[in-house]
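Here is a colleague's note for someone opening this model for the first time. Please keep the view open while reading the points.

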Amino acid sequence: MEYPLPDGMSAEQFLADYWQKKPLLIKGAFPAFTTPLSPDEIAGMACEEGIESRLVIENRSTSPVAENSEQLPWQLRHGPFDETLFSELPQSHWTLLIQEVQKYVPALAQLLESFRFIPSWRIDDIMVSYSPDGGSVGPHVDQYDVFLLQGLGRKRWQISSAEVYDDDLIGGIDLQILSRFEAEQCWELEEGDMLYLPPGIIHHGVALGDSLTYSVGFRAPAECDMITSFVDYLAEEQRLSVSHYRDPELMLQPHAGEITPAALQRVREIIQRMPLNDDDIAHWFGRVVTESKSGDHVEPQLKPLTVEAFMARFRQGETLWRCELSRFACINQPSSVLLFVAGEMFTLEQIMKDAIYRLCDQRIHSAEEWRELLEVDGNAALLCHLYNEGHLYFDDDSD
Ligand code: SIN
Ligand code: CO
């Protein structure tokens, strides 16, 4: 498998030396890259309901620290936008951003397959940004890893590994932009070049003429959110004890108003009795990481196919695609394999393991690749079920 890494660098080396550790410039990561989206198409998407879009405008006539000035140094607006907006915008110094573009553009979903050197459940989405000359989103840090792929034109990226403090941020705006920073490194990225940044690195990308950047962003849930989500899951599954607080060994205490160390110890013991077993963790985690981020989900087929009818279409040579609204992941266990699709869990037999790995590793499937796998009991029925539920579709379903 070819990965978009510098010549001679293996995926193992990237993970050991760079992933979550330090930035890496990858010249010609995607040689002869041609953007599947044009600036006009991006502007069109920004006007659509249900697509998350933002516009960041830099106002250069204001000092970045002038909190009380009438016009703020940076302005953030959320879509959907009216088409007339684009004729009113200045010639330069703004950026339009669209989130989750892999959902709408199959070629971008396929681009994610090049990142198989990182587990796919770690991937969040692809965001695209379009900027005319001078456009940027200001110097900032992100809490997640990102690969910034230059899709059209050129962009100058300046980065720094310096610490960021709250008072480094420009006040009074809805964006976390630094008022100043000193660049440690500076690169000009051209089409097909890519910059990897771990979390916490200050970065500032400025368009040199019309520019389009694809950001492959990774997910890094906050630990507090993971813990609350896990406890919610345990409660929903009725895995938490419904016994009540008891203290049959209560001793007379001099101050009735005091919560004693013995009482706090009983509380601690209740919390410590929270079940923390491997199955609960696996079932909860597989479900949450495959749930749709924005809550949108697939529609089941109006006319479900029988396994025979489904197989006839598949064997005729139709390509089967995974729907980008549904995330797939699996957990291999000694006696079964857990398949997670869009937050739903299927407990399947070990003999289906290879089929499940193929389903979770790849977006596009042909009957030819599945020939041997389809001889295994249960595999055809699984594909057919996922198809009928809308998680898989044939190339020409929409015709
Ligand atoms: C950009 O595409 O210019 C901004 C992306 C980022 O800084 O995360
Ligand atoms: Co960023």
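**Notes on the model**

1. Proline 80 sits in the loop between strand E3 (74–78) and helix H3 (85–88). Helices (H or I, at least four residues) and strands (E, at least two) are DSSP runs, numbered from the N terminus. The peptide bond from glycine 79 to proline 80 is cis, with omega near 0°.

2. This is a predicted model, where local features need pLDDT of at least 70, side-chain atom pairs count only at pLDDT 80 or more, and totals for chains, interfaces and linings use all residues. Residues are numbered from 1 along each chain as its sequence is written, chains are lettered from A and ligands numbered from 1 in the order in which they are written, and side-chain values use heavy atoms, with hydrogens and water left out.

3. Glutamine 20 is in the loop between helix H1 (11–17) and strand E1 (24–26). Its phi is positive, about 65°, although glutamine 20 is not a glycine. Most residues other than glycine have a negative phi, and most peptide bonds are trans.

4. Which residues hold the cobalt ion (ligand 2)? His140 (NE2), Asp142 (OD) and His203 (NE2) coordinate it, at 2.0 to 2.1 Å. Donors are N, O and S atoms within 2.8 Å of the metal (3.2 Å for Na, K and Ca); water is not among the atoms, so sites may look incomplete. Along the chain, the donors of the cobalt ion (ligand 2) follow the spacing H-x1-D-x60-H. Histidine 140 lies in the loop between strand E5 (123–131) and strand E6 (146–160), and histidine 203 in strand E9 (residues 202–218), so the pair ties together parts that are 63 residues apart in sequence.

5. Helix H9 (residues 353–361) packs on helix H10 (residues 379–388) at an angle of about 30°, with axes 10 Å apart. Axes are lines fitted to C-alpha atoms, for helices over the stretch in contact, and angles run from 0 to 180 degrees between N-to-C directions. H9 is therefore roughly parallel to H10 (angles under 35 degrees count as roughly parallel, over 145 as roughly antiparallel, 65 to 115 as roughly perpendicular and the rest as oblique). Ala355, Ile356 and Leu359 of H9 make the contact with Asn379, Leu382, Leu383 and Leu386 of H10 (contact means heavy atoms within 4.5 Å).

6. Helix H8 (residues 307–315) also packs with H10, at an angle of about 90° and with axes 9 Å apart. H8 and H10 are therefore roughly perpendicular. Val307, Phe310, Met311, Arg313 and Phe314 in H8 meet Ala380, Ala381, Leu383, Cys384 and Tyr387 in H10.
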